[in-house]
Amino acid sequence: MILYISGPMTGYPDFNRPAFHEAEAQLELARYETISPAHIRLPHTKEPTWGQWMRPAITLMMGATGVATLPNHLESRGSRLELQIARELGMTVRTVEEWLNLE
C-alpha cells in the first residue's frame with residue numbers, strides 16, 4: 001500500500017514538515033510506502049501561491065493507493081481538497097494512527 005500524507009502546512013513553522021517527516025518514518029516502519037508533499041520544492045518561485053503548491057501535491061497524491069491524515073488536517077484548505085479528490089476516486093482515507101493500528 002502506498003500512502004499519501006495529507007495535513008496542514010500553511011501557517012505552520014517550516015510548513016509543518018517535521019510532522020510530515022515523523023508520520024512518514026512511522027508509516028515506513030510499519031512497512032507502508034509513503035508519498036509526502038513535504039518534499040515538494042518549487043524552483044524559481046519567490047513566493048509561490050497556494051495553487052502553485054497544490055498542483056504538484058495533487059499530482060503526487062495520484063501515485064498513492066490511500067491517504068494518511070495528520071492532526072488538524074480539516075483545518076487545512078489543501079488537505080480538505082486532497083481528501084475530497086481521494087474519496088471521489090475511491091481511495092481509503094484514515095488517520096496516521098488508524099493506518100498504524102491495522103492488523
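Predicted model: local features only at pLDDT ≥ 70, side-chain atom pairs only at ≥ 80, totals over all residues.
Reader: What does the radius of gyration say about the chain?

Author: The radius is taken over C-alpha atoms, and the globule rule is 2.2 Å times the number of residues to the power 0.38. For 103 residues the rule puts a compact globule near 13 Å, and the chain, at 13 Å, agrees with this. The C-alpha trace spans about 45 × 30 × 25 Å along its principal axes.

Reader: What share of the accessible surface belongs to carbon and sulfur atoms?

Author: Accessible areas come from the Shrake-Rupley method with a 1.4 Å probe, and for residues only the protein chains shown count as cover. The surface of the chain is about 6,300 Å², and 53% of that belongs to carbon and sulfur atoms. A residue is buried under 20% relative accessible area, exposed over 50% and partly exposed in between (1.4 Å probe, protein chains only). Buried residues are 39% of the 103 in the chain.

Reader: Which residues form the largest nonpolar core?

Author: In soluble globular proteins, nonpolar side chains tend to be buried together. A nonpolar core here is a set of buried Ala, Val, Leu, Ile, Met, Phe, Trp, Tyr and Cys residues joined through side-chain atoms within 4.5 Å. The largest has 12 residues: Leu3, Ile5, Met9, Phe20, Ala23, Leu27, Tyr32, Ala38, Ala68, Leu70, Val96 and Trp99. At least two residues come from each of β1 (2–6), α1 (17–29) and α4 (96–100), and α1 gives the most, with three. A second, separate core has 10 residues, among them Ala57, Met61, Val67 and Leu83.

Reader: Is Phe20 buried or exposed, and what does it touch?

Author: Contact means heavy atoms within 4.5 Å. Phe20 lies in helix α1 and is buried, at 0% relative accessibility. Leaving out residues up to four places away in sequence, Phe20 touches Ile5, Ser6, Gly7, Pro8, Met9, Phe15, Ser36, Pro37, Ala38 and Leu70.

Reader: Where is Leu70, and what does it touch?

Author: Leu70 sits in the loop between β3 (66–69) and α3 (77–88), and is buried at 4% relative accessible area. Residues touched by Leu70, beyond four places away in sequence, include Ile5, Asn16, Phe20 and Val96. Leu70 and Ser6 are 64 residues apart in sequence, yet their C-alpha atoms are 6.2 Å apart. Across the chain, 68% of contacts between residues at least 6 apart in sequence join residues at least 24 apart.

Reader: Where is Ser76?

Author: Ser76 is also in the loop between β3 and α3. Ser76 is buried, with a relative accessible area of 11%, and it touches Gly7 and Pro8, residues up to four places away in sequence not being counted.

Reader: What is the phi of Asn16, and what is that of Arg31?

Author: Most residues other than glycine have a negative phi. Asn16 has a positive phi, near 65°, and Arg31 has a positive phi near 75°. Asn16 is in the loop between β1 and α1 and is buried, with a relative accessible area of 13%. Arg31 lies in the loop between α1 and β2 (33–35) and is exposed, at 79% relative accessibility.

How values were computed. Residues numbered from 1 in each chain as written. Heavy atoms only, no water. Helix = DSSP H or I, 4+ residues; strand = E, 2+ residues; numbered from the N terminus.
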